[in-house]
Amino acid sequence: MNRLSTLESVERAEVVAPNLDGSSKILTPEALEFVAALDRTFSPLVSVLLRERAERQKLIDSGVLPDFPADTGVRTSDWSVSEIPTDLLDRRVEITGPAGDRKMVINALNSRASTYMADFEDSLSPTWEQIVQGQVNLREVVDGTIRLVTPEGKVYALREETATLIVRPRGLHLLEKHVLVEGKPVIASFFDFSLFLHHNAGKLRKQGSGPYFYLPKLEGAKEARLWEQVLSAAEDYLGLSRGTIKVTVLIETLPAAFEMDEMLYELRRHIVGLNCGRWDYMFSYIKKLKSHPQFVLPDRSQLTMDQGFLAPYVDLLIKTCHRRKAYAIGGMSAYIPVKDDEAANNDALAKVRADKEREFALGHDGTWVAHPGLVGIAMDAFSRMVGPNQLRVRRNDVSVSRDDLLRVPQGTITMEGVATNVSVGLRYLESWLTGKGCVPINNLMEDAATTEICRAQLWQWVKNRAILADGRMVTSKMVQDLISSQVTSLSSARSQADAGEVLLAGKLFAQMATAEEFPEFITIPAYEELLASEGRRS
């Protein structure tokens, strides 16, 4: 029976936010009824799963380290995921970017990448304006009408051939507080998912495509099972045949790395692949193992994908996916093209090229880039691929143990690494609080995931009394002093009106980096500050 059918008469979700341009086309009564039905049905299960995350963290803190679950036959039996749609067969280069930035959306779709992941998550600051504009943008993308004319008269419009659209909603741990169901904020993931699906699924099907999604930050098979229920119920509600919705899951948490087979199995009717979400994966490793000094990591700049816990994670993902006829998508290199510095630009492009060639050689079926200027380099790296994928590369040479997935990379902790984490984290958070979720800093593209690494490393180093390469201990005072110095420097370069955001970012970042207990996500308290800022402006 359709789990949502009994909820069709439930009052629609209540919007408690200003009316914005285009919002009336998105926040229709029918769309809000769908949001309400989905949230009311599944939000109790989300609450249970989030409690289980917290309980699992307590076990890890007590010394019960992550491990592969007991095999129920899923890992040893033969099965495969369902057939992959035609327009997802070639995913050799995927470009990503925030859904709310109209110019970036158009440029990404025109970049000649295979697919475009329109992001409501880590590269988007979830202001109400950005969330609504993102849904408006994507509806116009599907309609083929999206267009931008700049004040200077430059016109941005879609080419005849564009990248296949994939949408990433926010994680299950986040709320959308501008929309209430029975007086409670909706799960942000369900809000983003259901609005896009409601407005675009039918049109995409008529175009020979379909509603495709990336699912972020899942922590195992139970959470995959929840999404399988959500996808099936949503298809029933909208009258779509089973398996119309296709998803790719980012393996970007440490627990998920131990349950890749099980996650594929739970979602086998809807899933087409897994992605190596490397930056969130590094953050998750720190967060999950934060209480154990033997797992303290070196500087972020030394965390390369060919060593420690990262290399076996990639190998296992490729082997697992290809055994189940699912795609294994590579991760994001943070390097971007550098303007006005030929040497730095050449160095950045060389590092991207090496990263993509490594991914191809390992057997990935595609990879991610964050800038249109990198699409050609990634395409060249995967140009030797015979056919649209590398499913034939079975990686039977791979055997990964629990210890492999927990192995600490070699390296050192340096004062430069501490200072860089402070500088990057603080500057990014300042931008995030002003509505920008995708920020170039020091010739790298930073987003919420990389900033989580910055503050998590600082917390881990302080908590575990890490020793720098020069013999000094990392202390809370050291980090606080660096933050204060950076705040002073940034404030002096801002107008009086903008200096307040720097002070707020400094206060919040210091709390997240030096708190007695590890804060789960920086975006949760930061979102409250976004809401407060919106309230002050209104």
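Ala, Val, Leu, Ile, Met, Phe, Trp, Tyr, Cys and Pro count here as nonpolar, Asp, Glu, Lys and Arg as charged, and the others, Gly among them, as polar. Welcome to a predicted model, where local features need pLDDT of at least 70, side-chain atom pairs count only at pLDDT 80 or more, and totals for chains, interfaces and linings use all residues. Residues are numbered from 1 along each chain as its sequence is written, and side-chain values use heavy atoms, without hydrogens and water.

**The largest cavity**
- A cavity is a set of points, on a 1 Å grid over the protein atoms alone, where a 1.4 Å probe fits but cannot get out, and its lining residues have an atom within 4 Å of a point.
- Two cavities of 30 Å³ or more are found in the structure, and the largest has a volume of about 300 Å³, the space filled by probe spheres set on the points, which are joined across faces, edges and corners.
- Among its 27 lining residues, R168, W279, M332, W368 and D447 are closest to the centre.
- By class, this lining holds eleven nonpolar, eight polar and eight charged residues.
- Helix α9 contributes the most to the lining, with three residues; helices (H or I, at least four residues) are DSSP runs, numbered from the N terminus.

**The second largest cavity**
- This cavity has about 50 Å³ of space.
- Its lining consists of K217, E219, E252, T253, D280, F283, S284, K287 and F521, of which two are nonpolar, two polar and five charged.

Notes:
On a 1 Å grid over the protein atoms alone, a cavity is a set of points where a 1.4 Å probe fits but cannot get out, and a pocket is an open set with protein on both sides within 12 Å along at least five of seven lines; lining residues have an atom within 4 Å of a point. Helices (H or I, at least four residues) and strands (E, at least two) are DSSP runs, numbered from the N terminus.
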